[in-house]
Amino acid sequence: MTRIAAVRGALPPHRYPQAEITDAFARVCLPPGASRRLLDRVHTSAQVGHRNLVLPLEEYAKLDGFGTANDIFVEAAVDLGAEAVGAALEAAGLAPADVDLIMFTSVTGIAAPSVDARLAGRLGLRPDVKRVPVFGLGCVAGAAGIARLHDYLRGWPGHVAVLLSVELCSLTLQRGDASPVNLVASGLFGDGAAAVVAVGAHRSEGGGPEVVASRAHLYPGSETVMGWDVSDTGFRVVLDTSVPDVVRTYLADDVRGLLADHGLTSADVSAWVCHPGGPKVLHAVAESLDLPEGALDLTWRSLADIGNLSSSSVLHVLRDTLALRPPPPGTPGLLMAMGPGFCSELVLLRW
């Protein structure tokens with residue numbers, strides 16, 4: 001059985017309270033003299049208290065197009081990625097040369113050579129390390145990445161696999177764009193990275209939960225619900241107001257089906273590790289699954305503390321679950337995220 005040997009996060013150094021970010025982004029997004037009533041409302045309703053950003057706030061007004069933003073992404077992604085992977089390997093009691101596969105995921109920048117390739121020499125990964133760079137999964141990629149590591153390690157039970165997520169969402173902010181969706185994104189998304197070290201059944205390093213199974217589901221007719229429109233100014237967010245309704249329509253059946261395949265019900269789950277997609281999405285998750293009070297407390301805590309980090313967020317919630325509220329050994333847990341497609345990915349764990 002695949003085991004998650006360690007999870008570690010990394011955040012850029014520039015940390016601000018939400019009110020300060022709101023003031024700065026008002027100057028970037030709104031035309032001179034425009035009302036900021038909508039901006040203030042959506043930033044407040046995001047229920048984000050602080051965020052870490054890859055740049056000092058005053059630098060966002062100076063970004064000159066997609067190329068400049070992407071150059072910053074590549075440099076910062078390598079730095080944050082090295083920090084996250086190095087810390088996770090150390091926590092797992094492993095060396096970079098032990099890594100057989102590294103999967104890198106992001107939806108907020110592009111690079112060729114990919115970020116994982118740029119990290120190999122810096123970290124000391126073996127020249128024959130298998131690399132899987134992934135783009136386009138968005139917020140679901142933290143959960144999907146763990147599921148794909150599990151798929152790989154079932155075939156190579158003596159191997160070590162690493163998932164690295166780096167998301168620098170602030171670099172996709174559209175200057176001079178006062179559209180509601182850009183304002184919502186400017187209040188919800190933050191910057192950060194996370195790394196997961198997983199080992200196959202034939203290895204014994206460290207502790208951590210086992211991955212039992214996973215389930216993926218693409219929801220019909222929902223391709224335009226979430227994603228990017230790629231323009232001359234970079235990635236313009238697509239975020240439809242129907243996302244909570246899609247969650248209410250499909251998620252419960254997926255969760256119940258996966259649990260039933262393993263003789264379980266929702267009542268058996270000792271910890272719900274959920275991506276902090278935003279307040280409306282979290283309310284939809286709790287309502288559709290009829291979760292007990294407090295089941296998503298760590299997810300709400302992560303949202304307030306660092307915002308939505310796209311694919312990195314659910315990995316931060318997993319790290320917090322292991323560090324702050326470790327479930328009873330042997331009990332089942334469920335890790336879940338949703339993203340562009342529109343889709344979900346569920347990972348059944350055993351603590």
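UniProt lists residues 211-350 as "domain: Chalcone/stilbene synthase C-terminal", in an unreviewed entry. In this predicted model, that part of the chain is 37% helix and 29% strand.

Let us turn to a strand, β6, which covers residues 160-168. Are its residues buried or exposed? Of its 9 residues, 9 are buried, so the strand counts as mostly covered, given that buried means under 20% relative accessible area.

Which strands pair with β6? One is β4, residues 101-106, which runs parallel to β6 and is joined to it by 5 bridges. To find a place where they meet, pick out I102, whose bridge partner in β6 is V162. Another is β7, residues 191-199, which pairs with β6 in the antiparallel sense over 9 bridges. There you can look at S165, which stands opposite A194 of β7.

Now for a pair of helices. Two packed helices are described by the angle between their axes and the distance between the axes. For α7 (residues 243-261) and α8 (residues 279-289), the angle is about 35° and the axes are 9 Å apart. Their crossing is right-handed. On the α7 side, the contact is made by V243, P244, V247, R248, L251, A252, V255 and R256. From α8 come K280, V281, A284, V285, E287, S288 and L289. What classes of residue make up this contact? There are 10 nonpolar, 1 polar and 4 charged residues.

Finally, follow the chain into the loop between α7 and β11 (271-274), where you will find A267. Why is A267 called exposed? Its relative accessible area is 73%, and exposed means over 50%, so A267 falls in that class. A267 can also be placed relative to D290, 23 residues away along the chain: the C-alpha atoms of the two are separated by 9.9 Å.

Definitions and conventions
Residues numbered from 1 in each chain as written. Predicted model: local features only at pLDDT ≥ 70, side-chain atom pairs only at ≥ 80, totals over all residues. Heavy atoms only, no water. Buried < 20%, exposed > 50% of the residue type's maximum accessible area, 1.4 Å probe, protein only. Helix = DSSP H or I, 4+ residues; strand = E, 2+ residues; numbered from the N terminus. Pairing = 2+ DSSP bridges. Axes fitted to C-alpha atoms, helices over the stretch in contact; angles between N-to-C directions. Left-handed = near helix turned anticlockwise from the far one by under 90°. Contact = heavy atoms within 4.5 Å. Nonpolar A, V, L, I, M, F, W, Y, C, P; charged D, E, K, R; others polar. UniProt positions renumbered as here; feature names shortened; annotations may be inferred.
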